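Work through the exercises below with the sequence and the coordinates open. Each task is followed by a solution in steps.

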Amino acid sequence: MEVAAALVKGNVAAGARAMRWLDDRDPRGADVVSAVIGHTGGAHVVGLTGPPGAGKSTLASALIAEARRREHRVGVVAVDPSSPFTGGAILGDRVRMARHALDPDVFIRSVGTRGQAGGLSRSTHDTCLILDAMGYDLILVETVGVGQDEIEIVALAHTTVIVGLPGLGDEVQAVKAGLMEVGEIIVINKADREGLDHTLQHYETMLHLRASAQPDAPDAWTPPLLTAVATREEGTAAVVDAIEAHGRWLRANGEFAARSGRRARAQAMVLLRDRLSTLLDQHADPQVLAAVEARELDVYSAADALLAGLREALRRG
Ligand SMILES: Nc1nc2c(ncn2[C@@H]2O[C@H](COP(=O)(O)OP(=O)(O)OP(=O)(O)O)[C@@H](O)[C@H]2O)c(=O)[nH]1
Ligand SMILES: [Mg+2]
C-alpha cells in the first residue's frame, strides 16, 4: 500500500492523508494502520495538561526547540476538547508553535471530537499511532485539564506533565479533578509571576501527601517539581531532561511497553463500542421502539427485546 510505505519513510503528505482517512472513517485508514503497525511502539508519548492559559502551547513550543537540539523528531497533537468553542485556543496553539512549522522533523496537528462519544481519544490515539509510524520519537499531546475525556487521554500517555501556574485558583481545580494523581512531572510555568513560592509550597504538600499514600517501593518514580518561564525558554531544558529520565525509568521497569499495551487495549475497546453503537442504530427494531413510545412496552423489556434482536442479527451475519 503506497500511502503506508511512504509514511513509514516519513513522508509528511502521506501521513497527513492517513490521518484524514482515519478522521473521516474512510476504510483506507484502517488498512494503513494494519500495514504500519509493525513500525510503531518506539515513540514516547508525553501528555501536557493543565488549566486553560497555563502556557501549555508556549511550553510545548519551547520543549520542541530543546528536543530538536537533542535530535528528537517531534510530533505534537493539540487536543481541542469542545470544538465549537475553542477556535481561539487552537489558533493560539498554532501561533505559539508556528516557528516550527517549516521544520520537517516537527509535525503539529489539532484533533477535535466531531461530536462523537470517545471521539477525542480515538482521534488522539490514531494521530499518535501515525506519528509513531512516521518515525517521530517524541510525541507531545496538549490537552486542557478540565474534563474526564482529557484525563483519560493523559492517563494513557507514557509520561504525564502537569503544567501549573502561580496564584491559587484554576490549578486547584486541576488538582481536584484528579490530575495530581497522574502527574509524573510537575512544571510550574509563568515562574516570573507573583505567588510562585506559595504555589510551590502547595504543590510540594500535594506531592508529599501523594507519596505518603503510596507504599514504599525502592525503584518508584519521584515526580520532580520544576519551574519554567516558557516565553523565555527558561527551565525548559530541565523539563526535557525530566521527560527523558522518565522515559529511561519506564524502559528499565518494563513500564514503557506495558503502558503502550494498555493504551492499545483501551483503544480496541473504544473501537468496539463505536462499532456496537453503529450496529445498534442499524438494528434497533423500529416496532419495539414504537411500542415503547406508545407505552405499550416498558423500557426494560424493550432493552431486552432490542438486545435479543441485535444478537439474532449478529448470528445471521
Ligand atoms: N508571563 C508569562 N507569560 C507566559 C508564560 N508562558 C506563556 N505565557 C503567556 O500566557 C498566555 C497563554 O499561553 P498559551 O501557551 O496559549 O497557554 P495554553 O495553556 O496553551 O492555553 P490554552 O491552550 O488556551 O489552554 C500567552 O499570552 C503566553 O504568551 C510565562 O512563562 N510567563
Ligand atoms: Mg494551548
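**Exercise 1. The ligand shell**

Task: Find which of the 18 residues around ligand 1 come nearest, and describe the shell.

Solution. 
- Step 1. Keep in mind that this is a predicted model. Of the 18 residues around ligand 1, the nearest are G55, K56, S57, T58 and R96.
- Step 2. Sort the shell by residue class: 6 nonpolar, 6 polar and 6 charged.
- Step 3. Look for polar contacts. On the backbone side, an N or O atom of G53 is 3.1 Å from an oxygen atom of ligand 1, and a polar backbone atom of A230 is 3.0 Å from an oxygen atom of the ligand. From a side chain, an N or O atom of N189 lies 3.1 Å from a nitrogen atom of ligand 1.
- Step 4. Estimate the cover. On its own, ligand 1 has 650 Å² of accessible area, and the protein covers 77% of this.
- Step 5. Assign the shell to elements. Helix 4 (56-69), helix 5 (87-97) and strand 4 each give two or more residues.

**Exercise 2. Aromatic pairs**

Task: Locate the 2 aromatic pairs of the structure and classify them.

Solution. 
- Step 1. Take F107 and Y136. Their centres are 6.1 Å apart and their planes make an angle of 65°. An angle over 60 degrees counts as edge-to-face, and F107 and Y136 are classified accordingly.
- Step 2. F107 and Y136 are both buried.
- Step 3. Take W221 and W249. Here the centre-to-centre distance is 6.0 Å and the angle between the planes is 55°, which makes the pair tilted.
- Step 4. W221 is in the loop between helix 10 (196-213) and strand 7 (225-227), and W249 is in helix 11 (residues 236-252), so the pair links distant parts of the chain, 28 residues apart. W221 is partly exposed, at a relative accessible area of 21%.

**Exercise 3. Charges over rings**

Task: Which charged ends sit over the rings of Y136 and F256?

Solution. 
- Step 1. Return to Y136. The charged end of R73 sits over its ring, 4.4 Å from the centre. Y136 is also a member of the edge-to-face pair with F107.
- Step 2. Turn to F256. The charged end of R251 sits over this ring, 3.8 Å from the centre.

**Exercise 4. H100 and D132**

Task: Is H100 buried or exposed, and is D132 buried or exposed?

Solution. 
- Step 1. H100 is placed in the loop between helix 5 and strand 3. Its relative accessible area is 6%, so H100 is buried.
- Step 2. Check its side chain. A polar atom there is 3.0 Å from the backbone oxygen of S61.
- Step 3. D132 is part of helix 6. With a relative accessible area of 11%, D132 is buried.
- Step 4. Look across the chain from D132.

**Exercise 5. The ends of helix 13**

Task: What caps the N-terminal end of helix 13 (residues 286-293), and what follows the helix?

Solution. 
- Step 1. The cap is D285: one of its side-chain oxygens is 2.9 Å from the backbone nitrogen of Q287.
- Step 2. After helix 13 comes R295, with a positive phi near 60°.
- Step 3. Within the helix, consider V288. It counts as buried, at 13% relative accessibility.

**Exercise 6. Positive phi**

Task: Where do R25 and E71 lie, and what are their phi values?

Solution. 
- Step 1. Recall the background: most residues other than glycine have a negative phi.
- Step 2. R25 is not a glycine, yet its phi is positive, about 55°. R25 lies in the loop between helix 2 (12-23) and helix 3 (27-36) and is partly exposed, at 35% relative accessibility.
- Step 3. E71 has a positive phi near 65°. This residue is in the loop between helix 4 and strand 2 (74-79), and E71 is exposed, with a relative accessible area of 70%.

Terms used: Residues numbered from 1 in each chain as written. Chains lettered and ligands numbered in written order. Predicted model: local features only at pLDDT ≥ 70, side-chain atom pairs only at ≥ 80, totals over all residues. Heavy atoms only, no water. Phe/Tyr/Trp six-rings, centres within 6.5 Å; stacked < 30°, edge-to-face > 60°. Buried < 20%, exposed > 50% of the residue type's maximum accessible area, 1.4 Å probe, protein only. Helix = DSSP H or I, 4+ residues; strand = E, 2+ residues; numbered from the N terminus. Lys NZ or Arg CZ within 6 Å of the ring centre and 35° of its normal. Near = heavy atom within 4 Å. Polar contact = N/O pair within 3.5 Å; in protein donor to acceptor, adjacent residues only side chain to side chain. Areas by Shrake-Rupley, 256 points an atom, 1.4 Å probe, with all protein chains shown as cover. Nonpolar A, V, L, I, M, F, W, Y, C, P; charged D, E, K, R; others polar.
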